[in-house]
Amino acid sequence: MARLLENFVDGGWRASRASESLDVLNPATAQVLAKVPLSPAEEVDSAVQAAANAFAAWRRTPAGERIQPLFRLKALMEENLDALARTITEECGKVYSESAGELRRAIENVETACGIPVLMQGVNNEDIASGIDEHMIRQPLGVVAAITPFNFPGMIPFWFLPYAVATGNCFLLKPSERVPVTSWKLFELLERAGFPPGVLQLVNGGRDTVNALLDHPLVRAISFVGSTATARYIYSRAAASGKRAQCQGGAKNPVVILPDADMEMTTRILADSAFGCAGQRCLAASVAITVGDARGPLTGQIAEASRKRKVGNGLDRDMEMGPVISAQSKARIEALIAQGQQEGAKVLVDGRGKAVAGCDGGFFVFPTVLDEVPPQGEIARTEIFGPVLSLMHASNLSEAIEMVNARSYGNMACIFTTDGANARRFRYEVNAGNVGINVGVAAPISNFPFSGWGDSFFGDLHAQAHHGVEFYTQTKVVVERWPRDWSRRF
Ligand code: NAD
């Protein structure tokens, strides 16, 4: 019988009294790993109350002391990296090296947040008028919450958690109900890191759990990562109850290849970007736009690289790609490939209907390449979120940039070229918040904000670094005067 996961509230593990739970499946085998409760509103309320009660003491704890549990957490995450990476692979499907890689990114965010005593500093001016000084200081908000997606269960909670608690807030995580085991294991480490009870809570659940958080009057800020439809909904419902919100949505990332690009390097990087994590990355390349003579060589080489990719259980270290997250996801991706065919695209490499030895129940779609994808069709615009690369062709860079900027999403755009002036023009003109130049996954490291634009982001302050610090703090401006005649005692 699979274990029903507990919530972590007020410093301890609590069994949920939810009337409903969901099975958590290993997508490579369809084996049930655990059960996740769909926690009701009363349990959200208990967790928020615990956080609110802990806030008064936590915000008074000096920043230099607040980061000590984060230093211990970093050490615990390093020590447990192998076990955590295996858990990510088991419940999310990506290959082990990808799981270990996302944990490194999580640890980097813990390291960056350890700089809070400096990052959180205010500013001041002496003598804004004679004898009057003005200061701006940063203070925490109170109780803040993050709602996270399935595709990076180890990394994405850490775009938020370290900054939230280091700045003096109390934090609540609602992880994806499809991959809750990683968060459960990470909270076992957070418990050992020595945060006071109530500073951190884990509440499992789905839609109703999220709604209870969005409507709770004591929750001051919501961080969200997931699909665009949910991001848009969460942004407006959070705002309606007066909360700050930063909501990262879906993507459809174009990569432009100029004829002067190093085709061998470009093909390798493009294949890793399109098929890494089985295409379930918000920074996955999903459309490759070749310019002029790049078309012939790139098309042949990417088709060959796609056919060669080793697909199987991500725990097998020889594998380069695992399954997609669920049977529903596999069916949706296969239906979109069929739709692409109906719209006139040519299926150059077909990843449908392929079996993996030893993984009979697994949700596998192999790398797929669609050529001559019509720019106005559904396939050119919809986020597929699977290992499907669409090829489109432009006659010059201007046309390629127009195709890039025609999308509603703006998470990432990349260019491959050896010409600096063309690269600069691309960087300058494309509507995307993360830009790659001869880079296929332009993921900002923890000391830069993760800068989605357009339908890929709702809000103003992004995740990570200075943006995270600003998001989780409110500014207070103090104007002060101390007349000389009040200080005569000394
Ligand atoms: P999702 O939107 O289905 O779910 C994300 C979270 O929202 C989960 O915790 C889920 O429980 C909750 N949720 C889902 N529907 C809800 C609803 N109607 N009301 C309230 N809560 C709801 O996303 P997913 O399938 O888990 O993740 C994949 C998506 O996330 C893709 O679109 C991908 O591009 C996007 N993503 C974006 C980024 C980024 O940085 N922009 C990063 C990773 C993933």
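In strand β6 (residues 132-140), the bridge partner of Asn 125 is Glu 134, and this pair belongs to the antiparallel pairing of β5 with β6, which extends over 4 bridges. Two strands are taken to pair if DSSP finds at least two bridges between them; helices (H or I, at least four residues) and strands (E, at least two) are DSSP runs, numbered from the N terminus. The two strands are part of an open sheet of 3 strands, in the order β5-β6-β22 and with antiparallel pairing. Its edge strands, each of which pairs on one side only, are β5 (123-129) and β22 (473-481). From one strand to the next, the twist averages 25°, where axes are lines fitted to C-alpha atoms, for helices over the stretch in contact, and angles run from 0 to 180 degrees between N-to-C directions.

The model is a predicted one, in which local features need pLDDT of at least 70 and side-chain atom pairs count only at pLDDT 80 or more, while totals for chains, interfaces and linings use all residues. Residues are numbered from 1 along each chain as its sequence is written, and side-chain values use heavy atoms, with hydrogens and water left out.

Strand β7 (residues 143-147) runs parallel to β10 and is joined to it by 5 bridges, with Val 143 standing opposite Val 219 in β10. Strand β10 (residues 219-225) is also joined to β11 by 5 bridges, again in the parallel sense; Ala 221 has Arg 244 of β11 as its bridge partner, and Ser 223 has Gln 246. Between β10 and β11 the chain passes through helix α10 (residues 228-240), forming a β-α-β crossover that is right-handed, that is, with the strands pointing away from the viewer, the path from the first strand over the helix to the second runs clockwise.

Of the 7 residues of β10, 6 are buried, a term that denotes under 20% relative accessible area, with exposed meaning over 50% and partly exposed in between (1.4 Å probe, protein chains only). Strand β11 (residues 244-248) is largely enclosed by the rest of the structure, because 4 of its 5 residues are buried. Strand β11 is also joined by 2 bridges to strand β21 (residues 457-458), which runs antiparallel to it, and here Gln 248 stands opposite Phe 457.

Within helix α10 lies Thr 228, which counts as buried because its relative accessibility is 9%. A polar atom of the Thr 228 side chain lies 2.8 Å from the backbone oxygen of Asp 455. Apart from neighbours within four places in sequence, Thr 228 is in contact (heavy atoms within 4.5 Å) with Gly 249, Gly 250, Tyr 409, Asp 455 and Phe 458.

Helix α5 (residues 96-113) has 18 residues, which at 1.5 Å a residue should span 26 Å, and its end C-alpha atoms are 26 Å apart, in agreement with that value; the expected span is 1.5 Å times one less than the number of residues. Among the buried residues of α5 are Tyr 96, Leu 103, Ile 107 and Val 110. The buried residues of α5 pack against α3 (68-79), α4 (81-92), α6 (116-119) and α7 (161-166).

Methods:
Polar contact = N/O pair within 3.5 Å; in protein donor to acceptor, adjacent residues only side chain to side chain.
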